[in-house]
Amino acid sequence: MTTFAKANVGDGAMTLPQRWYVNDEVFAAEQQRIFSGGWVCIGRVEHVQKPGDYFVAEVAGESLIVVRDEANETHVFYNVCRHRGTRLCETQSGHFSGSMQCSYHAWTYALDGTLLVARNMNAVPGFSAGNYPLQEAAHAQWEGFLFVNLAREPEPFKTAFAALLGRFDAWNIGALRTARTIEYDVACNWKLLFQNYSECYHCPLVHPQLEKLSASDSGRNDLTEGPFLGGYSELREEGMGLTMSGKTPRPPLGTVGGEDLRRDYYYTIFPSLLLSLHPDYVMVHYLQPVTTTRTRITCAWLFDPNTMARPDFDPSDAVEFWDLTNRQDWHVNELTQKGVLSKAYTPGPYANAEGLLAAFDRHYLAVMNA
């Protein structure tokens with residue numbers, strides 16, 4: 001049986017020292033240790049539905065092509081031609097008609113990465129096309145999400161994600177489809193966004209529309225250590241929903257029922273995904289650190305495709321609610337970044353409501369070997 005408890009920090013828990021938020025060398029080390037060495041979410045499988053469909057993702061400075069091949073298998077290739085290293089794909093998404101071709105010298109690859117054509121190379125002694133397939137990165141699928149790992153010997157995905165496998169079956173997330181996305185460019189360190197998401201200490205002041213529907217002190221957590229952190233907050237009344245009207249016209253997802261109809265679940269999936277589970281929709285934030293003080297965020301709202309097919313389907317009530325909430329968060333996170341940059345900043349004490357932030361710090365510092 002899953003046990004949920006209120007957040008608690010214990011004695012002496014303090015925020016991270018300044019350098020972890022402002023130092024470019026720290027950022028470079030994060031790119032190597034965390035984003036090149038762990039499982040990073042890059043999107044949804046639904047974005048490559050048919051053979052030839054592709055999109056381009058960036059992880060730790062590497063450009064990656066996600067494509068579905070003729071055998072209906074997905075691949076994640078480095079966006080690098082094996083001839084002279086030219087970037088193969090210049091557009092963010094689209095459809096390949098059976099192959100991928102480099103625009104420089106027309107080396108051409110099958111959708112499974114096999115080198116099909118290398119112009120005028122047959123006369124080169126010792127050349128074999130079989131030695132030059134596209135370089136492929138390890139990838140895995142979970143709940144319809146695509147994860148990539150750039151490590152030479154990555155930890156098996158099922159081992160890394162053991163705590164989450166099967167945990168959210170009731171929402172049937174893998175079958176959901178993206179109805180709306182909004183991109184944000186936020187002037188703060190990526191860790192501040194993770195930390196902000198993991199506490200509602202700020203909610204009465206920053207999010208009055210959220211506090212009206214879900215009490216900030218109702219949060220209880222079941223994952224409190226390690227790479228995955230979170231739990232639920234309760235809606236104030238039965239029948240409420242986190243929308244602009246406070247209600248929802250949509251049926252529950254999957255087999256969501258019982259007490260989950262009055263709960264909203266929030267989990268951080270270190271280091272790239274914020275997962276919000278609501279009775280009638282799922283919201284996700286994909287985070288991509290750009291610089292020490294800048295983070296790109298894509299927020300997406302997922303719904304049951306049968307509900308989306310209804311003529312009266314309109315996700316705007318949920319989208320507008322969370323777009324407002326997001327922008328409120330981004331504003332205070334940017335203020336925090338500005339303050340942390342000051343010579344007056346020193347680590348401050350965490351409140352009990354910020355227990356997951358202290359847990360995030362512990363895991364982060366362990367990964368950074370600090």
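The legends below go with a set of close-up views of one predicted model.

Local features are taken only where pLDDT is at least 70, side-chain atom pairs count only at pLDDT 80 or more, and totals for chains, interfaces and linings use all residues. Residues are numbered from 1 along each chain as its sequence is written, and side-chain values use heavy atoms, with hydrogens and water left out.

**View 1. The Cys200–Cys203 disulfide.** The torsion about the S-S bond of Cys200 and Cys203 is about -100°, so the disulfide is left-handed. How exposed or buried are its two ends? Relative accessible area settles that: buried means under 20%, exposed over 50%, and partly exposed in between, using a 1.4 Å probe and protein chains only. Cys200 comes out as partly exposed at 22%, while Cys203 is buried at 2%.

**View 2. Two cysteines in no disulfide, Cys102 and Cys188.** For Cys102, the nearest cysteine sulfur is that of Cys81, 3.9 Å away. Cys102 is buried, at 4% relative accessible area. Cys188 has its nearest cysteine sulfur 15 Å away, on Cys299. Cys188 is also buried, because its relative accessible area is 0%.

**View 3. A cis peptide bond at Pro271.** Most peptide bonds are trans, and most residues other than glycine have a negative phi. The bond from Phe270 to Pro271 is cis, with omega near 5°. Pro271 lies in the loop between β14 (263-269) and β15 (273-277).

**View 4. Positive phi at Ala106 and Asn172.** Ala106 has phi near 65°, a positive value in a residue other than glycine. Look for Ala106 in the loop between β6 (99-101) and β7 (108-110); with a relative accessible area of 19%, Ala106 is buried. Asn172 isn't a glycine either, yet its phi is positive at about 50°. Asn172 belongs to the loop between α3 (157-160) and β11 (177-186), and counts as partly exposed at 42% relative accessibility.

**View 5. The largest pocket, with about 950 Å³ of space.** A pocket is found on a 1 Å grid over the protein atoms alone: it is an open set of points where a 1.4 Å probe fits, with protein on both sides within 12 Å along at least five of seven lines, and its lining residues have an atom within 4 Å of a point. Grid points are joined across faces, edges and corners, and the volume is the space filled by probe spheres set on the points. Of the 38 lining residues, Ile42, Val56, Ala57, Gln92 and Gln288 lie nearest the centre of the largest pocket. Elements giving two or more residues to this lining include α2 (24-35), β1 (40-44) and β17 (294-303). Which element gives the most to the lining of the largest pocket? That's β2, with 6 residues. By class, the lining has 18 nonpolar, 14 polar and 6 charged residues. Nonpolar here takes in Ala, Val, Leu, Ile, Met, Phe, Trp, Tyr, Cys and Pro; charged is Asp, Glu, Lys and Arg; the others, Gly among them, are polar.

**View 6. The second largest pocket, with about 690 Å³ of space.** Its lining runs to 41 residues, and Tyr197, Ser198, Glu199, Cys200 and Ser233 lie nearest the centre. Among the elements giving two or more residues to this lining are α4 (190-197), α5 (203-206), β13 (228-234) and α8 (316-340). The lining of the second largest pocket splits into 19 nonpolar, 17 polar and 5 charged residues.

**View 7. Helices α4 and α9.** In α4, 8 of the 8 residues are buried, so this helix is largely enclosed by the rest of the structure; Trp190, Lys191 and Tyr197 are among them. Helix α9 (residues 355-367) has 13 residues and reaches 19 Å from first C-alpha to last, close to the expected 18 Å (1.5 Å times one less than the number of residues). Buried residues of α9 include Leu356, Phe360, Asp361 and Tyr364. The buried residues of α9 pack against α1 (19-22), α2, α4, β12 and β13, with contact meaning heavy atoms within 4.5 Å. Just after α9, Asn369 takes a positive phi of about 55°.

Terms used
A disulfide is a pair of cysteine sulfur atoms within 2.5 Å. Helices (H or I, at least four residues) and strands (E, at least two) are DSSP runs, numbered from the N terminus.
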